[in-house]
Amino acid sequence: MSSSFDTKVVHQKLNQKQVQNSKNTPIYQSTAFTFEDLDHLESYYEGDVPYLYSRERNPNTDELSQTIAALEEAEAGVATSSGMSAILAGILAVASPGDHIVAADDVYGGTHKLLNAELDTFGIEVTMVSFQDLENVQQAIKENTTLLYTESVSNPFLRVENVEGLVQLAKDHGLATMVDNTFATPYLLQPVLKGVDLVVHSATKYIGGHSDVTSGVLVGKENLIQKATQKVVTLGANLSPFEAWLTQRGAKTLGLRMKQQSGNAKALASTLEENDLVQQVYYPKFVSERGNGAIVTIELSQQVNVETFFKSLGWVKIAPTLAGVETTVSYPIRTSHRALSDAQREQIGINSRVIRLSIGIEETNDIIQQFEEALKQSSE
Ligand SMILES: *Cc1c(COP(=O)(O)O)cnc(C)c1O
């Protein structure tokens, strides 16, 4: 080793072979991997060495995608920079220029925008219909349709998709299916077990769980994941090692969090159903034996002043997201569904009295009390 300062400072390193048994997976915060000689380099291209360049593949993103694939009972997975890029990669794996997809009209606001404002630049045609009645979906299928796209539990009204029916319809027409399972999580629902080809997650939500990382995961059939991975790599939609590591760390408590959050949501939903200041409570009746999820959407009654309600929530903050360990509220008309036209909003039932509650892990009675108090303070 040279004794010159500038050379020493970049070449002084721990012997990595001596620290390989760390209890936790280290963050491989490295853009690339080195090779001992040309044979070693060649062995990457022969498939014997997995890592070359982190945009293409990295141990932390592998660990995350393999974890979620295992939880979803899927053959393979790929981690991406966000839920949105996972959705795009999944769509591009099954639709090419000239193809057509049929999507549910009540998908997440960002997805709505992607489908309606961006996919035409890829030459992909989209029809959005209500998936409430599969007859609608069937009628929207055309000669060039390749994909049916929906969410297992929709936002904000928590409509539970008839996944079995949809898969059957897709099979009858030789189409692929893709389901956004963000709200349900694999703890509650595993669409792959019902025959869905691709399952997508905004891991920013429950999988990460701590509101400190933006990431996405796409899992499903091996051949489709291979195609999607090519898109992720080429479009640069890969997840960074640190974000993958954070997401993976969050995922370890997914079951514990969902159990608590889902239980809290159920208790709150039944309390609010008895409250006259709430016109309507939207909470799914049956998502799985393990629970019905941690989102409750309410429509406030006319007696409640909406502005005052938001001001009276105490430690429950307004946040344009969901799924954190803290209970938060969001206002779809001003956030997730802001980009929609009035007509589109009306069609899916979003008005100025609709509020989405994302229930956290706090003590059940504290959450119930906080909402009852806010309702009381804001009634006129
Ligand atoms: C948040 C969300 C997305 C988008 O995910 P990002 O991580 O924000 O890109 C997609 N689908 C659903 C259901 C979401 O809640």
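Select threonine 204 and the ligand: a polar side-chain atom of threonine 204 lies 2.6 Å from an oxygen atom of the ligand. This is a polar contact, meaning a pair of N or O atoms within 3.5 Å; within protein, one must be able to donate a hydrogen and the other to accept it, and residues adjacent in sequence count only if both atoms are side-chain atoms. The model is predicted: local features need pLDDT of at least 70, side-chain atom pairs count only at pLDDT 80 or more, and totals for chains, interfaces and linings use all residues. Residues are numbered from 1 along each chain as its sequence is written, and side-chain values use heavy atoms, with hydrogens and water left out.

Next, pick serine 202, where a side-chain N or O atom is 2.8 Å from an oxygen atom of the ligand. For lysine 205, the distance from a side-chain N or O atom to a ligand oxygen is 2.7 Å. The ligand on its own has 380 Å² of accessible area, and the protein covers 92% of this (Shrake-Rupley method with a 1.4 Å probe; for residues, only the protein chains shown count as cover).

Now show the residues surrounding the ligand, among them Ser82, Gly83, Tyr108, Asp180 and Ser215. A residue is near a molecule or strand if one of its heavy atoms lies within 4 Å of it. The shell has 4 nonpolar, 6 polar and 2 charged residues. Here Ala, Val, Leu, Ile, Met, Phe, Trp, Tyr, Cys and Pro count as nonpolar, Asp, Glu, Lys and Arg as charged, and the others, Gly among them, as polar. Helix α4 (residues 83–94) gives the most to this shell, with 3 residues. Helices (H or I, at least four residues) and strands (E, at least two) are DSSP runs, numbered from the N terminus.

**The sheet of 7 strands**

Switch to a cartoon view and find the open sheet with the order β1-β7-β6-β5-β4-β2-β3 and mixed pairing. Two strands pair if DSSP finds at least two bridges between them. The edge strands, β1 (76–80) and β3 (125–129), each pair on one side only. Inside the sheet, β4 (residues 145–151) and β5 (residues 176–180) run parallel and are joined by 5 bridges.

Helix α5 (residues 109–118) lies across β2 (100–104), β3 and β4, at about 135° to β3. Helix α9 (residues 222–235) lies across β1, β6 (198–202) and β7 (216–220), at about 20° to β1. Axes are lines fitted to C-alpha atoms, for helices over the stretch in contact (heavy atoms within 4.5 Å), and angles run from 0 to 180 degrees between N-to-C directions.

Follow the chain to the loop between β4 and α7 (163–173), where proline 156 is found. A cis peptide bond joins asparagine 155 and proline 156, with omega about 0°. Leucine 158 is in the loop between β4 and α7 too; its phi is near 60°, a positive value in a residue other than glycine.

**The sheet of 5 strands**

Last, select the open sheet with the order β8-β9-β12-β11-β10, again with mixed pairing. Its edge strands are β8 (278–282) and β10 (317–318). Helix α11 (residues 254–273) packs on this sheet, touching β8, β9 and β12, and its direction makes about 150° with that of β8. Strands β9 (residues 295–300) and β12 (residues 354–358) pair in the antiparallel sense over 5 bridges. End on isoleucine 295, whose bridge partner in β12 is serine 358.
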